[in-house]
Amino acid sequence: MNINIEGAYIYFHIPIFGGIDVTQTMLSLLVVTVTLCIAGYFLGRNLQKRPGKLQVLTEKGVTMLRNIVCSTMGEHNVGWTPYIGTIFLSSICGSLIGLTGFLRSSTADLSVPLTWGIMTSVIIWYQNIRTNGFLGWLKGFTEPIAVMLPMNIISEIAQPIAMAFRHFGNVAGGSVISSILYTALGLLSTVVIGLLSKTVVVPIALMVIAVVLILLGKKKGKKFPTIFGIVCGTLALLGILQFTGIAQDIPIFQYGIPAVLSVYFDLFSGFVQAFVFSLLSMVYISGACPPPQSKEN
């Protein structure tokens, strides 16, 4: 996982329009955008009446997304499905791209979800103006009473900011926690291996304990002694390798444990934040796009 707590790394500077910094976030966004465009092209071409497995899977995903939009926004707002799908896929792919190890999660940069939030707010304002007219939209800021004008203006400004910070905070916070824990596990590995490699007696004792525990676990049919024995045997082997000089400074605790955390912070949390952001966008946009009969009334 490539994490920079201080912010996105700047690759180079373009001296136009006052200077443009090309950062990790921009590169990640470009990769995500190109990947989604290519995937959309190949998945949408040569559609058959008798679909293959890939086409069935694609149609199932599109149908699920359409049903979610219809159930949340209403049948009359089904046309917003591509927009919601784009936000969802851009969000989850932008979070998962951090797993590559050399690209930064684009959603860990506040500017990305803030841009999505502003886009959603602009759509809401456009739909309100389209429905009520420009003067009717301005009048809405004074409802239910004129004294509410400052609060309504602040609410409109705070809406995209709140959406952005909710998404950004969870993704960036997970990255920071993973980075700190990864460093701590490296220090723990150094301490443990240092203790094991001071004398060959400790690794040999651990190896004996490992053999006894594994045999005991097999005899009684219990998993816990076997697992604990494997751990002791692994530590003993690493201690021997360190003591003999065959392997030096192996960060044993940095293998496996960060991957488990990544399942939550990058996969589960990334999916949840993408869904929540998309759901909020649907709720806010549907409020500005009432059913046709409501418009007439």
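Reader: Which residues of helix 4 does helix 3 meet?
Author: In this predicted model, helix 3 contributes Tyr-83, Ile-87, Ser-90 and Ser-91 to the contact. By class, the contact of the two helices has five nonpolar, three polar and no charged residues. On the side of helix 4, the residues met are Trp-116, Met-119, Thr-120 and Ile-123.

Reader: Is helix 3 roughly parallel or roughly antiparallel to helix 4?
Author: The axes of helix 3 and helix 4 come within 12 Å. They cross at roughly 170°, and angles over 145 degrees count as roughly antiparallel. Helix 3 is therefore, relative to helix 4, roughly antiparallel.

Reader: Where does Ser-105 lie, and is Ser-105 buried or exposed?
Author: Ser-105 is in the loop between helix 3 and helix 4. Leaving aside neighbours within four places in sequence, Ser-105 is in contact with Gly-94, Ser-95, Ile-97 and Gly-98. Its relative accessibility is 7%, and buried means under 20%, so Ser-105 counts as buried.

Reader: How are helix 2 and helix 3 oriented to each other?
Author: Helix 2 covers residues 53-73 and helix 3 covers residues 81-96, and their axes come within 10 Å. The axes cross at roughly 115°, and the range from 65 to 115 degrees counts as roughly perpendicular. The two helices are therefore roughly perpendicular.

Reader: Which residues of helix 3 make the contact with helix 2?
Author: Helix 2 passes helix 3 in a right-handed crossing. From helix 2 the contact takes Leu-65, Arg-66 and Val-69. The residues of this contact divide into three nonpolar, two polar and one charged. Those from helix 3 are Thr-81, Ile-84 and Gly-85.

Reader: Which residue in the hairpin of strand 1 and strand 2 takes a positive phi?
Author: The hairpin has five residues between the strands. A phi near 55° is taken there by Phe-17.

Reader: What pattern does the chain follow along the sequence?
Author: The secondary structure comes to nine helices and two strands. Read along the sequence, the pattern is β-β-α-α-α-α-α-α-α-α-α.

Reader: What percentage of the residues in the chain is buried?
Author: The chain has 297 residues. Among contacts with a separation of 6 or more, 66% come from residues 24 or more positions apart. Buried residues make up 33%.

Key:
Residues are numbered from 1 along each chain as its sequence is written. This is a predicted model: local features need pLDDT of at least 70, side-chain atom pairs count only at pLDDT 80 or more; totals for chains, interfaces and linings use all residues. Side-chain values use heavy atoms; hydrogens and water are left out. Axes are lines fitted to C-alpha atoms, for helices over the stretch in contact, and angles run from 0 to 180 degrees between N-to-C directions. Helices (H or I, at least four residues) and strands (E, at least two) are DSSP runs, numbered from the N terminus. Angles under 35 degrees count as roughly parallel, over 145 as roughly antiparallel, 65 to 115 as roughly perpendicular and the rest as oblique. A crossing is left-handed if the near helix is turned anticlockwise from the far one by less than a right angle, and right-handed if clockwise. Contact means heavy atoms within 4.5 Å. Ala, Val, Leu, Ile, Met, Phe, Trp, Tyr, Cys and Pro count as nonpolar, Asp, Glu, Lys and Arg as charged, and the others, Gly among them, as polar. Two strands pair if DSSP finds at least two bridges between them. Buried means under 20% relative accessible area, exposed over 50%, partly exposed in between (1.4 Å probe, protein chains only).
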